[in-house]
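I opened this notebook to keep track of what I looked up, one entry at a time.

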Amino acid sequence: MNKMLLLALGLIPAFATMAQANDRYRERPPVIVSPDLAAPWILQLGGGNVRPVVYPTRPEKPRGLFQPRTQREVQRRPQTTRQGMVQPASMRPNKVVRSQIEPQFLPQTVAYETKHAPGTIVIDTNNRFLYLVTGNGKARRYGVGVGKPGFEWAGTHKVTRKAEWPRWVPPKEMIAREAAKGHFLPASMDGGPANPLGARAMYLGSTLYRIHGTNAPWTIGSAVSSGCIRMRNEDVVDLYERVKVGTKVIVM
C-alpha cells in the first residue's frame with residue numbers, strides 16, 4: 001500500500017510537466033513558410049518576439065512554352081516598298097507559283113481558218129500557241145513556251161531534222177552569256193529526263209532554234225526560253241509523230 005502511494009506521488013510531477021508542455025505547444029506560433037519556394041521551410045518555435053525569416057527574392061520571367069511574348073516580339077517588322085513607304089501586309093500581293101499547266105494550253109482541236117496547207121505548223125508567239133493545220137477549217141492546237149524578251153524572232157523555216165531524246169549542245173553564245181551570270185553550262189549533255197531538250201526535238205533549218213520538249217512543263221505559256229519553242233514532253237511526242245522532215249513552220 002505504501003509502495004503504491006509513493007508511486008502515485010512520484011507521477012504527479014510528470015503529469016504537471018506534460019500539462020505545461022501541452023499548454024506551451026498550444027500557444028506556439030504557426031509554421032511560417034519562406035516566400036522563396038526554393039529555400040527550406042523555417043519552423044518558428046520561439047516566443048512572441050520571434051520575427052519570421054524572410055528570404056529576399058527577385059521576380060523571374062515565366063519559362064517554357066507558356067512564356068508570353070512582349071509587344072515588341074509580337075509586332076513584325078514592316079515591309080517597305082522601293083520608295084521606302086510602309087506597305088500593309090494585307091495590301092502586299094502574294095506571289096503565286098504555277099505548279100501545273102493551264103487548261104487552255106492542253107492539246108485540243110479548234111476552229112482555225114487559214115490559207116496554209118494541211119500539215120503546216122503555225123506558231124503564234126504572242127498567244128503561246130502552236131497550230132498544226134489539219135484542213136477543213138480546223139487545227140490541232142498545243143500550248144508552248146517561247147523566247148523571253150530580247151530573244152523573240154519570226155520567220156518561215158522547215159523541219160530539217162528530228163531526234164528522239166536529243167543530245168543537248170549549248171551554243172557558244174549561250175555558254176558565254178550564262179557564264180557572265182555565274183551559271184556554268186556543260187559543253188554537252190546526253191539525252192534523258194534531265195536534259196533541257198526533253199523527249200523530242202525538231203530542228204528548224206540552219207538556225208539554232210528547235211521545237212522541243214522540256215523537263216519544266218510549268219513554263220508552258222510563258223516567255224522564258226532563249227528563242228526555242230518549248231512543249232510538254234507528251235505534247236512534243238504527239239506532234240513528232242504527226243509531222244515529217246520538210247514540214248513548213250511559220251513563226252509569227
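Entry 1. Which side chain meets that of Asp190 in a salt bridge? I looked it up, bearing in mind that this is a predicted model, and found that the partner is Arg167, with 2.1 Å from N to O. I then checked where the two residues sit: Asp190 lies in the loop between helix H3 (172-180) and E7, while Arg167 lies in the loop between E6 and H3, so that the pair, 23 residues apart, links distant parts of the chain. Asp190 counts as exposed, because its relative accessibility is 53%, whereas Arg167, at 44%, is partly exposed.

Entry 2. I stepped back to the chain as a whole, which has 252 residues, 29% of them buried, and which contains 4 helices and 11 strands. Among contacts with a separation of 6 or more, 58% are between residues 24 or more positions apart. The accessible surface comes to about 18200 Å², and carbon and sulfur atoms account for 56% of that.

Entry 3. From E3 I moved on to E4 (138-143), which is antiparallel to E3 and joined to it by 6 bridges. This is a hairpin too, with 2 residues between the strands and a positive phi of about 55 degrees at Asn136 in the turn. E4 also pairs with E1 (residues 108-111), again in the antiparallel sense, over 4 bridges. Arg140 of E4 is the bridge partner of Leu132, and Thr109 stands opposite Arg140 as well. Since 5 of the 6 residues of E4 are buried, I noted the strand as largely enclosed by the rest of the structure.

Entry 4. Which residues of H4 are buried? I found Asp235, Val236, Leu239 and Tyr240, and because these fall within an arc of 140 degrees when seen down the helix axis, they line one face of H4. The elements that cover them include E2, E3 and E4, as well as E6 (155-164), E7 (200-204) and E8 (210-212).

Entry 5. I then looked at Arg232, which lies in the loop between strand E10 (229-230) and helix H4 (233-242). Its side chain meets that of Asp235 in a salt bridge of 3.0 Å, N to O, and both residues are buried. Apart from neighbours within four places in sequence, Arg232 is in contact with Ile101, Leu106, Pro107, Pro217 and Ile220.

Entry 6. How many salt bridges does a search of the whole structure find? The count is 6. Lys181 forms another with Glu178, the closest N and O atoms being 3.7 Å apart; here Lys181 is partly exposed at 48% relative accessibility, whereas Glu178, at 13%, counts as buried.

How values were computed: Residues are numbered from 1 along each chain as its sequence is written. This is a predicted model: local features need pLDDT of at least 70, side-chain atom pairs count only at pLDDT 80 or more; totals for chains, interfaces and linings use all residues. Side-chain values use heavy atoms; hydrogens and water are left out. Buried means under 20% relative accessible area, exposed over 50%, partly exposed in between (1.4 Å probe, protein chains only). Contact means heavy atoms within 4.5 Å. Accessible areas come from the Shrake-Rupley method with a 1.4 Å probe; for residues, only the protein chains shown count as cover. The arc is that of the directions from the helix axis to the C-beta atoms. Two strands pair if DSSP finds at least two bridges between them. A salt bridge is a side-chain nitrogen of Lys or Arg within 4 Å of a carboxyl oxygen of Asp or Glu.
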